[in-house]
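I opened this model to look up its ring pairs, salt bridges, nonpolar cores and annotated repeats. The entries below follow the order in which I went through them.

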Amino acid sequence: QKPILLQGHERSITQIKYNREGDLLFTVAKDPIVNVWYSVNGERLGTYNGHTGAVWCVDADWDTRHVLTGSADNSCRLWDCETGKQLALVKTSSAVRTCGFDFGGNIIMFSTDKQMGYQCFVSFFDLRDSSQIEKNEPYMKIPCSDSKITSAVWGPLGEFIIAGHESGELNQFSAKSGEQLSNIKEHTKQINDIQTSRDMTMFITASKDNTAKLFDCTTLEHLKTFRTERPVNSAALSPIFDHVVLGGGQEAMDVTTTSTRIGKFEARFFHLAFEEEFGRVKGHFGPINSVAFHPDGKSYSSGGEDGYVRIHYFDPQYFEFEFEA
């Protein structure tokens with residue numbers, strides 16, 4: 001089955017994200033464009049224009065009313081999903097690396113990079129209090145002096161966030177008090193991506209140390225490890241099966257020195273319980289930077305260094321195979 005190819009970016013994709021229903025797919029890249037597409041046929045609905053630098057992260061709230069983006073132009077922006085209008089602009093002193101809405105869509109968090117003498121911070125804003133955005137005063141700001149946050153997601157019920165660091169550490173920070181609830185180090189290198197399961201009980205991390213690991217959301221207990229021979233840039237959990245998809249490849253700067261065949265740019269499927277690889281999907285001409293399962297589990301998307309996003313619908317055999325197994 002041929003994938004749907006989305007061509008809406010001039011530079012490499014940094015993140016792709018489905019909304020909760022899965023009818024929309026948001027894509028951001030190392031260009032200033034934020035795109036939204038119909039996931040069913042790949043039709044581009046529109047763009048959110050305003051950023052002036054690479055956009056690192058995107059998120060949509062629970063009922064897809066608002067979209068949040070964070071960029072290297074030192075800003076985090078809130079958009080009206082339907083009209084594309086910019087609703088709020090939060091200026092920061094360094095690039096915004098990760099961002100996200102809590103479950104209710106009322107509180108946003110984003111983390112900034114440690115660069116140009118500025119520290120890495122996680123900031124929390126309550127959107128119900130408009131003065132916080134106007135005065136650029138988050139109700140809470142957590143400094144991370146040791147190693148910068150490279151990926152972060154909200155935990156279940158919006159009680160805490162889970163943050164992955166450049167050093168390979170994982171932390172939980174309380175969204176109420178800002179204190180560090182727990183800290184573990186299972187990865188030896190930078191954590192590139194964190195994604196939670198559909199029911200928010202587990203999350204998977206993708207790391208430069210060539211592994212993806214599965215953890216319990218509340219206890220941070222390490223459950224499973226999926227090993228590859230290349231850095232893993234992104235990992236996602238299937239909402240309906242015990243399947244994991246990993247995307248990666250070697251560092252972007254080494255890509256030109258290898259042919260695509262040896263480059264290992266396939267999306268790789270592993271079984272969640274057995275940790276065994278059972279399938280690969282080729283297609284990208286460069287490392288895969290972001291993968292995401294459709295919320296109904298019937299398709300998945302991948303965004304690559306080549307600037308393309310590919311939507312793959314699974315064959316009917318995929319579902320028969322799983323139910324037999």
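I began with the rings, and found that ring pairs link Phe 241, Phe 269, Phe 278, Phe 293, Tyr 300, Phe 314, Tyr 318 and Phe 319 into a cluster; rings of Phe, Tyr and Trp (its six-membered ring) pair if their centres lie within 6.5 Å, with planes under 30 degrees apart counted as stacked, over 60 as edge-to-face and the rest as tilted. The model is predicted, and local features need pLDDT of at least 70, side-chain atom pairs count only at pLDDT 80 or more, while totals for chains, interfaces and linings use all residues. Residues are numbered from 1 along each chain as its sequence is written, and side-chain values use heavy atoms, with hydrogens and water left out.

The structure holds 19 aromatic pairs. I looked up one of them, Tyr 300 with Phe 314, which is stacked at 5.7 Å centre to centre and 20° between the planes. Tyr 300 lies in strand S27 (residues 299-304) and Phe 314 in the loop between strand S28 (308-313) and helix H3 (316-324), so the pair ties together parts that are 14 residues apart in sequence; helices (H or I, at least four residues) and strands (E, at least two) are DSSP runs, numbered from the N terminus. Tyr 300 and Phe 314 are both buried, where buried means under 20% relative accessible area, exposed over 50% and partly exposed in between (1.4 Å probe, protein chains only).

Next I checked for charges over rings (NZ of Lys or CZ of Arg within 6 Å of the ring centre and within 35 degrees of the ring normal). Arg 97 lies over the face of Trp 56, at 4.1 Å from the ring centre, and Arg 44 over the face of Trp 37, at 5.9 Å.

Arg 97 bridges to Asp 113, with the closest N and O atoms 2.5 Å apart. Asp 113 lies in the loop between S11 and S12 and Arg 97 in strand S10 (residues 96-101), so this pair ties together parts that are 16 residues apart in sequence; both residues are buried. Asp 73 and Arg 77 form another bridge, at 3.5 Å between the closest N and O atoms, and both of these residues are buried as well.

Of its 15 residues, Met 109, Val 122, Phe 124, Ile 149, Trp 154, Ile 161 and Phe 173 touch the most other members. Strands S11 (107-112), S12 (120-126), S13 (140-144), S14 (149-154) and S15 (160-165) each supply at least two residues of this core. A second, separate core of 13 residues includes Leu 68, Cys 76, Cys 99 and Phe 125.

Over residues 48-89 I noted 0% helix and 55% strand, with the end C-alpha atoms 13 Å apart. Over residues 184-225 the chain is 0% helix and 57% strand, with the end C-alpha atoms 15 Å apart.

Definitions and conventions: Core = buried A, V, L, I, M, F, W, Y, C linked by side-chain atoms within 4.5 Å. Salt bridge = Lys/Arg side-chain N within 4 Å of Asp/Glu carboxyl O.
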